[in-house]
Amino acid sequence: MEKILRINMGAEGGPSFSEAPIGELAGLGGRGLTSAIISKEVPPTCHPLGAENKLVIAPGLLSGTMAAMSGRISIGCKSPLTGGIKESNSGGQPAQVLARLGYAAIVLEGKPAGDDLYKIFINKDGVRISVDNSLKMLGNYALIERMKGEFGDKIACISIGQAGEMRLPAASVACTDVEVRPARHAGRGGPGAVMGSKGVKVIVLDDNGVTMRQPKDPDKFREANKAFIEGLRKHGVTGEALPAYGTNVLTNILNEAGGYPTYNFKEGRFAGASRISGETMAGVETERGGVPTHGCHRGCVIRCSGIYNDKDGHYLSKQPEYETVWAHGGNCGIDDMDKIALMDFIDDDTGLDTIEMGVTIGIAMEAGLLKFGDASAAVDLLREVGKGTPLGRIIGSGAAVAGKVFGVERVPVVKGQALPAYDPRAVKGMGVTYATSTMGADHTAGYATATNILKSGGYVDPLKTEGQVELSRNLQIATAAIDSTGMCLFIAFAVLDQPETFQALLDLLNSFYGLNLTADNVAELGKSILKLERDFNFRAGFTKEQDRLPGFFKSQFVQPHNVNFDVTDEELDQVFNF
Amino acid sequence: MMSDPDRARELRVVMKRADAGVFMPLLQEGFIVRCKTGITIEDLLREDFGIARDYMEKRLSTVFLDGQCIDDIDSAIVHGGAVLALSSAMPGLVGATLRRKGILASMRASITHRGQTGQAVSAGEGFVTIKLFNVLAGELGPVFLARGIYVKAAGMKDFLQKRGGPFWSAISRTIFDGRQIDREKLPDALGDEAGALIMLRLAAP
């Protein structure tokens, strides 16, 4: 990871590339690196689909090593959905392979003059960029089958579906998993549209002939990795609940708490929740010969994913995440698990953010285009996107656009990005993060629950009713830092409860790079990333007025607890006071 | 309208306790138990159901009473008609937020249980709805099933009609109203009278 690959898609005479040492960006990875490059090199007021925008693809600091859970890849750009800076990350194999090939980042720059579509192949021998218009408007699954036929099945791919080619704001970037399926996505904020605007359909990575990245202190690194894995395995969340039921184990819990947004955020509970819960889903998967416990990349020890088969025992999709099940399920009043899994597949194949699509369909339901609970109509509507029909393009443009087109008032977005699966009226601390995140409404922006260890904003008494702002600040700082390591955010639970596991994470970084990082250094890294991102958004024209939830969260109370979002604007403005 | 639990017909299922996880759909949906009321969650689970305090401390990480988050199971009072949901530690920021006495508890302050309001709750006996989520369904399900749980007959019928081979192979015998009954005949025997309850009890082979 000593070099950065820059591919100028708009070069005279056709795309060209260059490689340069990472230089002053050394020590940055993942989100830290994508945000550093975007904030420095992309004019904040540029059009997100124009030549001036860049798409930065960066594995984490520990990707490509033996470190467990280090397979996240960050994809950054100016977002066509929010208009601000974006880092969206994904699991799958590309982070590990790209890091082993020695790249700290790939930067796609410029814009081709014509409408040719390109594929890029990268292995130990170099980079090959070629026109392949036969790939036009292929879904991700068909595309990857083509790539396997051409390059073999030992590859990892980063690709876009039809949505990305059409440059729709909800388009995702797909990353292949262990089985070389395009089932992992950098979904949020439309990075697929930016990749599409660069004319790049797929980047094929092949690490045949290269070795694992080696640490500066192999013995200490091995010990740290062992302690880290032990910490993950012994923890109730990372060692039990996630492997057994996946993230969808949250459905029953959020529903019971009255914080499960239902019927486009109209209610807080869904009567059909138990029919689409993680517990139910795991049972169905087992019954049909699927897999309820599965890792999305090699080196994952939590294995929160799975394989969801149809009634005949054939692969339908990977196990849908909680947010996907909620977005297409309870939010749309749908309790048909097979239809939800089918929509997950369509999202992945077309290259769409599942949260954005579920919320957008919910808005279409509220507008009366289809009825809440009509799963077949929801599937049909989603298929419109891949076909590129006018209606499909509206849906693929996300919730904010659809809300305007369909004349709906209750549009749950912040900075143009749809809210995820937790009602901010019931869990107000989450609402603070939704409102103030540099990324738009994002449940992972303040996710790293290591706040008690980092104490980056001071200690907060958990039994006090105050402190939402302080906690959100700490969480966002910690998350920005972990997003730079390439570590899956799910490590955060073990890190929260077990200081020795947090120390093991630090030891991994220190022994690999020969550093002596402390918790304070990690917090400072997180702060510096957030400052860069906030500064970019400020220069792009954002003000504190964009750090707000939609008004209906204040004016419309949600049942069963009859609560609204009552954190004041003045309090929200204190989140970024560092 | 739910019928009188005292009039519920009994379905006894003979099977190994370790296989009780096959009833997960019923356990997560919620079932009714007859138990002491007007006492704390901890007292209820310990005194009435024999669940060890140590287990509660280690495993009951997320607890809801009538949809409100519980921090202290030793002070929240269970009243007749209450809904008590039990879960292990949950993932995600919100999972950590909902956790008992968690560092992020203030983020869900508006849905946190603050003790009883209005009329005082007196100790007695009554009916409480219990929901068991995730790994706790497998661990605590046998405890409740061995004592007997009340479920709606129509729900039980629907549940049985959807079960496949793995479910039935876990069951040695089914006894309904004191008589052994074939599995094919069982759903119809349960009836579908609106609100009628069945008492489901697990018996060792």
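Author: The side chains of B:D188 and B:K157 meet in a salt bridge, 4.0 Å from N to O. A salt bridge here is a side-chain nitrogen of Lys or Arg within 4 Å of a carboxyl oxygen of Asp or Glu. B:D188 lies in helix α8 (residues 186–190) of chain B and B:K157 in helix α6 of chain B, so the pair ties together parts that are 31 residues apart in sequence. Helices (H or I, at least four residues) and strands (E, at least two) are DSSP runs, numbered from the N terminus.

Reader: Where do these values come from?

Author: This is a predicted model, in which local features need pLDDT of at least 70 and side-chain atom pairs count only at pLDDT 80 or more, while totals for chains, interfaces and linings use all residues. Residues are numbered from 1 along each chain as its sequence is written, chains are lettered from A and ligands numbered from 1 in the order in which they are written, and side-chain values use heavy atoms, with hydrogens and water left out.

Reader: ok, is B:K157 buried or exposed?

Author: B:K157 is buried, at 15% relative accessibility. B:D188 is exposed, at 60%. Buried means under 20% relative accessible area, exposed over 50%, and partly exposed in between (1.4 Å probe, protein chains only).

Reader: What is B:K157 in contact with, leaving aside its neighbours within four places in sequence?

Author: B:P187, B:D188, B:L190, B:G191 and B:D192. Contact means heavy atoms within 4.5 Å.

Reader: Which salt bridges does B:R59 form?

Author: One is with B:E139, where the closest N and O atoms are 2.5 Å apart. That pair links distant parts of the chain, with B:R59 in helix α3 (residues 53–59) and B:E139 in helix α5 (residues 135–147) of chain B, 80 residues apart. B:R59 also forms a salt bridge with A:E240, at 2.8 Å between the closest N and O atoms. B:R59 counts as buried at 18% relative accessibility, and B:E139 as partly exposed at 33%.

Reader: New topic. How many residues does each chain bring to the contact of chain B and chain A?

Author: Chain B brings 40 residues and chain A 47. The two chains bury about 3,600 Å² between them, 67% of it on carbon and sulfur atoms. Buried area is the accessible area (1.4 Å probe) that two parts lose on being put together, summed over both. B:L93, B:I103 and B:M107 supply 19% of the area that chain B buries against chain A, more than any other three residues.

Reader: And how many salt bridges are there across that interface?

Author: The rule finds 2 between chain B and chain A. Over all chains, the structure holds 53.

Reader: What about strand β7 of chain A, how many of its residues are buried?

Author: Strand β7(A), residues 118–123, has 6 of its 6 residues buried. On one side are A:Y118, A:I120 and A:I122, on the other A:K119, A:F121 and A:N123.

Reader: Which strands does β7(A) pair with?

Author: 6 bridges join β7(A) to β8(A), residues 126–131, and these run antiparallel. Two strands pair if DSSP finds at least two bridges between them. A hairpin joins β7(A) to β8(A) through 2 residues, and A:I120 stands opposite A:I129 in β8(A). β7(A) also pairs with β12(A), residues 200–205, in the parallel sense over 5 bridges. There, the bridge partner of A:I122 is A:L205 in β12(A).
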